[in-house]
Amino acid sequence: MSRPTLQLYNSMSRAVEPLQPLDPAGKRVSLYVCGPTIYNYGHIGNFRTYVAVDLLKRALTYFGYQVDHVMQFTDVDDKTIRGSREKGMPLKEFTGIYRQAFLEDAKTLNIEIPARTPNATDHIPEMVELIQKLIDKKSAYVSDDGSVYFRISSFPKYGCLCHLDLSSLISGARVNQDEYEKEGIGDFVLWKKWVPADGDVGWDSPWGKGRPGWHIECSALSMGHLGPEIDIHGGGTDLRFPHHENEIAQSEAATGLTFVRHWFHVEHLLVDGQKMSKSLGNMYTVRDVLERGYTGRELRYALLSGANYGKNLNFTWQGMDDAKTALARIDEWRKRIGEAAIGAPALEEVTNASEQIKSIDEALSRDLNINDLLGILFTWIRVSNKALDEKSLSAAQAAGYCLAYDSLDTILGLGSAIITIPAEVQSLADQRAEARKSKNFPQSDELRKAIEALGWKVKDTAKGQELSRA
Ligand code: AMP
Ligand code: ZN
């Protein structure tokens, strides 16, 4: 079955484009995602972005790509330093608490943790090296305040991501904070000279003791781990300016190459239609949601469904209840259809699965169209439940639904892909376990063949036999 090409919205070109990996073999996709600043527990808005990235990563894997995924933890910036001082803790110990909390929350939401999750402070020499390169190329300068700044006028493409009009720029204006508004554009800081408020946080550099700016962290880590050009770079929409704009400037000024082929931005999560903020009392962590009696799965479902990643998503407690109801419906159906599939013949005879898998492929390839994916799933549920009520669904058709759902769930990550093992297969597997125990390998081989003839595969692992559909 030929598969459609994955089409994704690229916020640089502002168009949906086919993904064309840099890898000449078309197999590997490099994905860099801006990680959290670890000075507090992540809120559910942050996790909307990471759940959406997880959907992207699972979709890439589903389409057969080998995903090289890196996400850094920002463990040094104004906020982390301020937080550690307020708590009277060393920076590393303070940020370590929130790094661990993030990983736990990600696990609660069944987010696949990227293979590489470097801490920014473990890569200061690479940042220093990159800044030096920019100084050598006259794209950066040491200012009279002792910090190092990127010279925006040296990079004519500056503003390409956000389509900024730089004609009104005040030449020579500088910004020393990591975050600022578009009205405050100026040469931005790459290396901040140490000040007493930094306490014992600081590293030696050719420009004296100091620390990196936030933006240079991601340029150095992305290029250090994935090379000067990557396929996809992602984050929440608020990172477009100034963070990603600055990352492009730093990286491309240093290498002369196109830093990123495809920009993936996730729009914001709103709560009851409003921006989340501490003062409105509507900023919830994953832990707050669990405390109200919901599960991580239900929150994952609520964050995934409702709106495509490119649109704002409105979080409500009613939405959480709807997620609970929807998941209960999916689970109940998956159990029922699994039982109806018992005794199904070998998979070649499962005729309806390829049609269903084709519809998943198509919806997913249209910019990860979650509404269509869930629409397809609930249509399967409705149609097959009706057929089961009317006793008109064969075991082979039921097995097709199981196969299609389990495949869809590798992307949704809801974890309701219960594999129902037919009693006949289980009995053969039990006999085989006995045969292996008594070292009767010829009999064990015979039993393996009998299991395979029923359309199942058996794998011997340290934990015993594992059965899966062939
Ligand atoms: P931060 O720790 O502030 O760097 O944020 C981590 C990630 O969460 C970034 O990709 C942000 O863009 C993203 N983010 C922040 N607020 C929201 C929100 N309300 N909805 C979705 N993503 C968000
Ligand atoms: Zn970043």
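Domain bounds, as used here, come from an automatic or database domain assignment. For this chain, that assignment gives domain 1 (9–266), domain 2 (274–412) and domain 3 (423–469). The C-alpha centres of domain 2 and domain 3 lie 32 Å apart. The model is predicted, so local features need pLDDT of at least 70 and side-chain atom pairs count only at pLDDT 80 or more, while totals for chains, interfaces and linings use all residues. Residues are numbered from 1 along each chain as its sequence is written, chains are lettered from A and ligands numbered from 1 in the order in which they are written, and side-chain values use heavy atoms, with hydrogens and water left out.

Helices (H or I, at least four residues) and strands (E, at least two) are DSSP runs, numbered from the N terminus. Both Cys218 and Glu247 are buried, a term meaning under 20% relative accessible area, with exposed meaning over 50% and partly exposed in between (1.4 Å probe, protein chains only).

Helix H6 also contains Pro242. The peptide bond from Phe241 to Pro242 is cis, with omega near -5°. Most peptide bonds are trans, and most residues other than glycine have a negative phi. Two residues depart from the latter pattern. Lys138, with phi near 65°, sits in the loop between helix H4 (124–136) and strand E5 (140–142) and is exposed, at 60% relative accessible area. Leu368 has a positive phi of about 55°; its place is the loop between helix H10 (353–365) and helix H11 (370–389), and Leu368 is buried at 1%.

Ligand 1 has 15 residues around it, of which Gly45, Thr49, Gly236, Asp238 and Leu269 come nearest; a residue counts as near if one of its heavy atoms lies within 4 Å. Oxygen atoms of ligand 1 lie 2.4 Å from a side-chain N or O atom of Asp238, 2.9 Å from a backbone N or O atom of Gly236 and 3.0 Å from a side-chain N or O atom of Asn46.

The structure also holds 29 salt bridges, each being a side-chain nitrogen of Lys or Arg within 4 Å of a carboxyl oxygen of Asp or Glu. In one of them, the closest N and O atoms of Lys157 and Glu252 are 2.7 Å apart. This pair links distant parts of the chain, 95 residues apart: Lys157 is in the loop between strand E6 (148–150) and strand E7 (174–175), and Glu252 is in helix H6 (residues 240–255). Lys157 is partly exposed at 40% relative accessibility, whereas Glu252 is buried at 10%. Lys335 and Glu339 meet at 3.5 Å, N to O; because they are four residues apart in helix H9 (residues 317–340), about one helical turn separates them. Finally, Asp54, Lys57, Arg58, Glu112 and Arg300 are linked in a network of salt bridges.

Key: A polar contact is a pair of N or O atoms within 3.5 Å; within protein, one must be able to donate a hydrogen and the other to accept it, and residues adjacent in sequence count only if both atoms are side-chain atoms.
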